[in-house]
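Please read the following report alongside the sequence and the model. It looks at a few local features in turn.

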Amino acid sequence: MNIIIRSAKIIDSKSSFNNQTVDLLIVDGLIKQIGTAIPNNDDIEELKLDNLHISQGWFDSSVSLGEPGFEDRETIANGLDVAAKSGFTAIALQPNSYPVIDNQAQVNFVKNKANGFATQLFPIGALTKGSEGKDMAELYDMKNSGAVAFGDYTKSLDNANLLKIALQYVQDFDGLVIAFAQDDKIKGNGVANEGIVSTRLGLKGIPDLAEELQIARNLFLLEYTGGKLHIPTISSAKSVQLIKEAKAKGLNVTCSVAVHHLVLTDEKLEGFDTRFKVTPPLKTETDRQALLSGILDGTIDIITSDHNPIDIEHKKMEFDLAKNGTIGLESAFGSLVTVLPLETIIEKFTEGKLIFSIPTNIINEGQIANITLFNPEGSSVFSKENILSKSKNSAFLGTNLKGKAYGILNQGKLILG
């Protein structure tokens, strides 16, 4: 497509036009010209939006979509449309479908389903067969089919030797291992963060130790084996400190944090609303502040929505029995602008591509147009009308948002919400 984007402020620290308000001429999916008052001699389409800002396309490193097997929760087609209208030009798809994405055929299936969409889908292959934690999956074959990393989503690997072997094995093809951290034995039957709130509400608690002990173990394994390790959705102050120390030692470890852990705390559980039941559980204000500090000092590399659609039958239940998870694509940007500087959000939404070996496109002339369009100003309250996902299990309903994502321009397509 050919289009002129008018009066857009570029937020891209790697671009020579960073922080400048300019016009962009896009021809056949490439940025042909950047400047002021670009003439429209060929009567091509123009786009002008209020307080328009643009950046490199955003990437979400943890998205669940259900399909195959759980299409009642979400389909790949609708999920990619939601992602596009929420500002994301790329997502990493978790393997927690039915069947689990643990072989070459399943990787090819989800990739084929995603063909032709503006938002690109990059599959995460399961680390173990069926994500059961017993035998290593077909990692090399999945890598050759397009898997960008290997992990079992929110299933922590109890078998330390299997993780050790996986970290050694993937080094032959520069693979990335994702190791979710939550010791199931210490977690037990816990359903909420162990602390004042869970005690007051009579909910079984999950101590921070369940996460921190597993992170410490995994970092010891990484130090022994070498390789690349990504620790997703950390949630405690001590976890931030452990990873900071590991990076100082030179270990090749990266980590992410979910939007809801940066914005919400376990105080939200007061009404026993299962929309706030997530993995790992919402933590204290002290932990939230530590996570924000970890973002600002560079310890935490990625912010993810950790988008996880759950059908109403598995959410509208007693708190102890309800499934964990919240959708988060639609509310990700607007909620983050209330707690973090804009430039930091853009950095944490874009630089994760390098960790997952996904190509990046700087906003400069001659580059592929892989662009997110947004407005960082204005306030609103997130409501059911803002939910585009099939499932409605959002922890952000009723939350005050700032700014909005307009949409994306990618793969030669303009998608606006």
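## Helix α2

The buried residues of α2, which spans residues 104–113, are Q106, V107 and V110. They lie on the same side of α2 because they cover an arc of only 105° around the axis, the arc being that of the directions from the helix axis to the C-beta atoms. Helices (H or I, at least four residues) and strands (E, at least two) are DSSP runs, numbered from the N terminus.

The cover over these buried residues includes α1 (76–85), β7 (88–93), β8 (120–125) and α3 (139–145), with contact meaning heavy atoms within 4.5 Å.

## Basis of the model

This is a predicted model, in which local features need pLDDT of at least 70 and side-chain atom pairs count only at pLDDT 80 or more, while totals for chains, interfaces and linings use all residues. Residues are numbered from 1 along each chain as its sequence is written, and side-chain values use heavy atoms, with hydrogens and water left out.

## Residue N410

N410 lies in strand β17, residues 400–410, and is buried, with a relative accessible area of 2%. Leaving aside neighbours within four places in sequence, N410 is in contact with T89, A118, Q120, A369 and N370.

## The β2 and β3 hairpin

β2 and β3 form a hairpin with two residues between them, and D28 in the turn has a positive phi of about 55°.

Key:
Pairing = 2+ DSSP bridges. Buried < 20%, exposed > 50% of the residue type's maximum accessible area, 1.4 Å probe, protein only.
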